[in-house]
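Biologist: Hello! I am new to this structure and would like to walk through it with you. Could you show me the model?

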Amino acid sequence: PKAAACCLRVAAWVLSWMWALLWKVWVGHKRRVIMYDWQELEFAPAELRKDRETVLVAVKQDWRALEFAFDALQADREIVQEAVSSCTIGR
């Protein structure tokens, strides 16, 4: 019983560590994808939609990316200026 409980704790720790590593890799991949395709911001995890640099890169590609940024970044002066300058409506 004690050995089984110990094995379960070790297995849980290993799985937790693997999950954290895979999440970090996936978030990094998603960040790189957004650098080339702003539309991926819509499906990005919250930590990327809160990340100022990631949102700024997406908004520089297309102003519509602003919709997928977190509220605080939607009010960020530099990000809004980039969105306005990337807007081609009426030009």
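This is a predicted model: local features need pLDDT of at least 70, side-chain atom pairs count only at pLDDT 80 or more; totals for chains, interfaces and linings use all residues.

Biologist: How are the rings of Trp-23 and Trp-26 arranged: stacked, edge-to-face or tilted?

Modeller: Two aromatic pairs are counted here. In the pair of Trp-23 and Trp-26, the ring centres are 5.4 Å apart and the planes stand at 35°. Planes under 30 degrees apart would be stacked and those over 60 edge-to-face, with the rest called tilted. The angle of 35° therefore makes this pair tilted.

Biologist: Which residues do ring pairs link into a cluster?

Modeller: Trp-23 and Trp-26 both belong to the cluster, and they are joined there by Trp-19.

Biologist: Are Trp-23 and Trp-26 buried, exposed or partly exposed?

Modeller: Buried would need under 20% relative accessible area, and exposed would need over 50%. Trp-23 has 33% relative accessibility, and Trp-26 has 36%. Each value falls in between, so Trp-23 and Trp-26 both count as partly exposed.

Biologist: Let's turn to packing. How is helix 1 oriented relative to helix 3, roughly parallel or roughly antiparallel?

Modeller: The axes of helix 1 and helix 3 are 8 Å apart, and the helices pack at an angle of about 25°. Angles under 35 degrees count as roughly parallel. Helix 1 is therefore, relative to helix 3, roughly parallel.

Biologist: Which residues of helix 3 meet helix 1?

Modeller: The crossing of these two helices, helix 1 and helix 3, is left-handed. From helix 1, the contact involves Arg-31, Ile-34, Met-35 and Tyr-36. By class, the residues of this contact are five nonpolar, two polar and one charged. The partners in helix 3 are Thr-54, Val-57, Ala-58 and Gln-61.

Biologist: And how many charged residues are in the contact of helix 3 with helix 5?

Modeller: Helix 3 (residues 52-61) and helix 5 (residues 77-86) have axes that come within 8 Å and cross at roughly 15°. Helix 3 contributes Arg-52, Val-55, Leu-56, Val-59 and Lys-60, which meet Glu-78, Ile-79, Glu-82, Ala-83 and Ser-86 in helix 5. Besides five nonpolar residues and one polar residue, the number of charged residues in this contact is four.

Methods
Residues are numbered from 1 along each chain as its sequence is written. Side-chain values use heavy atoms; hydrogens and water are left out. Axes are lines fitted to C-alpha atoms, for helices over the stretch in contact, and angles run from 0 to 180 degrees between N-to-C directions. Helices (H or I, at least four residues) and strands (E, at least two) are DSSP runs, numbered from the N terminus. Contact means heavy atoms within 4.5 Å. Ala, Val, Leu, Ile, Met, Phe, Trp, Tyr, Cys and Pro count as nonpolar, Asp, Glu, Lys and Arg as charged, and the others, Gly among them, as polar. Rings of Phe, Tyr and Trp (its six-membered ring) pair if their centres lie within 6.5 Å; planes under 30 degrees apart count as stacked, over 60 as edge-to-face and the rest as tilted. Buried means under 20% relative accessible area, exposed over 50%, partly exposed in between (1.4 Å probe, protein chains only). Angles under 35 degrees count as roughly parallel, over 145 as roughly antiparallel, 65 to 115 as roughly perpendicular and the rest as oblique. A crossing is left-handed if the near helix is turned anticlockwise from the far one by less than a right angle, and right-handed if clockwise.
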